[in-house]
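Here is a brief report on one protein chain. Look at the sequence and the model first, then read on.

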Amino acid sequence: MSSMVNTTRDCCVTGVPTFNAAEQDTFPLHAYIIFKLGDIIAVEKFLNIKGHNAIYPCRSCKIKAVCGLGKTHYVSLRPPKDGGPTRARTIWQPDNLPLRRHHDFIDTVTQLHAATTKIAKERIAKQTGIKDLPAMHRVGSLDYAQSVPWEWFHLLLENIIPNLVDFWTGWFKDLDSGTEDFEIAPHIWEEVGKEIAAAVQHIPASFVHVLSNIASDRSLFTAESWCFWFIYLAPKLLENRFTRAKYYKHMCELAEIMQITLQFSITVKQVDEVEKWLIQWVEKYYYQYRVERLPACTLTIHGLLHLGAGIKNCSPVWTTWTFYMEHPGHVLRPPYKTPRGIDPELQQKIANYIGQVLGKRSSEVKPHLPPVSFLAGKLRI
Ligand SMILES: [Zn+2]
């Protein structure tokens with residue numbers, strides 16, 4: 001990471017030769033980092049925090065996690081009603097969480113560096129969730145508390161929606177429905193899967209590239225599949241499929257929140273509404289405030305409470321999500337290097353990708369591409 005920071009600093013001065021796909025020309029790119037984007041694990045490593053299984057696991061607030069029946073910590077707003085081994089008593093107000101500030105990171109690291117023993121350092125890290133300075137601490141344009149929004153793509157499409165389906169089909173971490181009744185019978189779920197498969201031939205590929213029978217071929221679902229299915233198909237396909245309508249309503253509310261937050265532009269008033277809506281949505285039906293159901297309180301569910309702040313601090317989700325980085329991964333898969341050097345097919349693969357984006361043939365793009373080069377071991381696109 002430090003070599004990347006050094007290279008980034010040098011490149012800000014001299015510029016990075018970059019191919020402009022629209023103009024089919026190369027120009028020196030001068031870029032300064034104002035946001036850091038990535039999935040939860042990447043951001044934890046970037047911020048140098050203890051992360052998702054820590055006592056203070058959240059990068060945005062100082063909520064204290066609750067230990068479940070095993071050694072895993074979970075992030076619930078209220079302690080379990082049946083107590084359990086946790087002895088947690090704190091009730092956190094979702095609209096008034098103890099937010100982290102940029103200076104919390106700086107102050108904690110000052111304490112860590114002043115501590116003289118390993119035990120003292122570990123105690124500070126345990127009590128704050130912060131291990132050391134963020135990897136890009138020499139980049140002064142970053143606010144460690146506000147420049148790292150919870151990323152919509154991984155939060156919803158890679159975690160929360162697949163987890164919801166796991167709940168409905170009885171496969172979420174060995175949890176049954178508890179005192180609720182949200183599971184969908186297997187024969188109904190199979191019917192839903194067949195209806196999706198039958199609909200595929202009528203859906204243009206420009207809407208969604210991969211869609212399959214969710215009951216039998218779920219492993220084929222990509223993030224794009226989950227997004228299209230949940231927002232556009234599930235509200236129709238799952239109507240009257242749940243035993244009680246409240247679970248269907250709960251699902252549709254999230255689909256509507258996703259549509260609102262996906263808008264090209266969004267007002268502060270809309271974000272305020274989304275925040276209130278998400279507060280009502282989080283922890284409903286699946287946790288039931290029972291200690292054995294704490295696994296329902298994942299950090300990703302908690303992250304929804306910070307989604308609105310991320311939009312307010314950093315702009316609409318389409319500007320900060322990682323979809324544009326993850327999507328070409330289907331075309332440009334690593335390794336980009338072979339034992340003999342750069343992958344000889346790489347130039348063609350890049351031309352294929354840019355051609356897809358521009359709606360042109362790769363043969364039209366390829367003659368204008370500069371030679372492939374690597375910066376700090378990464379392929380830049
Ligand atoms: Zn938090």
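In which sense do strand 1 and strand 2 pair, and over how many bridges? The pairing is antiparallel, with five bridges between strand 1 (residues 16–20) and strand 2. This is a predicted model.

**The hairpin.** Thr18 has Phe27 of strand 2 as its bridge partner. Four residues sit between the two strands of this hairpin. Gln24 takes a positive phi there, near 55°. Strand 2 spans residues 25–29, and zero of its five residues are buried, so the strand lies largely in the open.

**Confidence.** Mean pLDDT for the protein chain is 86. A pLDDT of 70 or more is reached by 88% of its residues.

| Element | Residues | Mean pLDDT |
|---|---|---|
| Helix 8 (highest) | 245–261 | 97 |
| Strand 8 (lowest) | 378–379 | 52 |

**The core.** The largest nonpolar core holds 68 residues. Val75, Leu157, Ile161, Trp226 and Cys297 have the most contacts inside it. Elements giving two or more residues to this core include helix 2 (40–47), helix 6 (186–199), helix 7 (223–237) and helix 9 (268–281). Helix 5 gives the largest share, ten residues. Where does this core lie relative to domain 2 and domain 3? Domain 2 (40–128) and domain 3 (152–325) both contribute residues, so the core lies between them. In soluble globular proteins, nonpolar side chains tend to be buried together.

Leaving out residues up to four places away in sequence, Leu157 touches Ala223, Trp226 and Cys227.

Note on methods:
Residues are numbered from 1 along each chain as its sequence is written. This is a predicted model: local features need pLDDT of at least 70, side-chain atom pairs count only at pLDDT 80 or more; totals for chains, interfaces and linings use all residues. A residue is buried if 20 or more other C-beta atoms lie within 10 Å of its own, exposed if 12 or fewer, and partly exposed in between; C-beta atoms are placed from the backbone. Two strands pair if DSSP finds at least two bridges between them. pLDDT is the predictor's confidence in each residue, from 0 to 100. A nonpolar core is a set of buried Ala, Val, Leu, Ile, Met, Phe, Trp, Tyr and Cys residues joined through C-beta atoms within 7 Å. Domain bounds come from an automatic or database domain assignment. Two residues are in contact if their C-beta atoms, placed from the backbone, lie within 7 Å.
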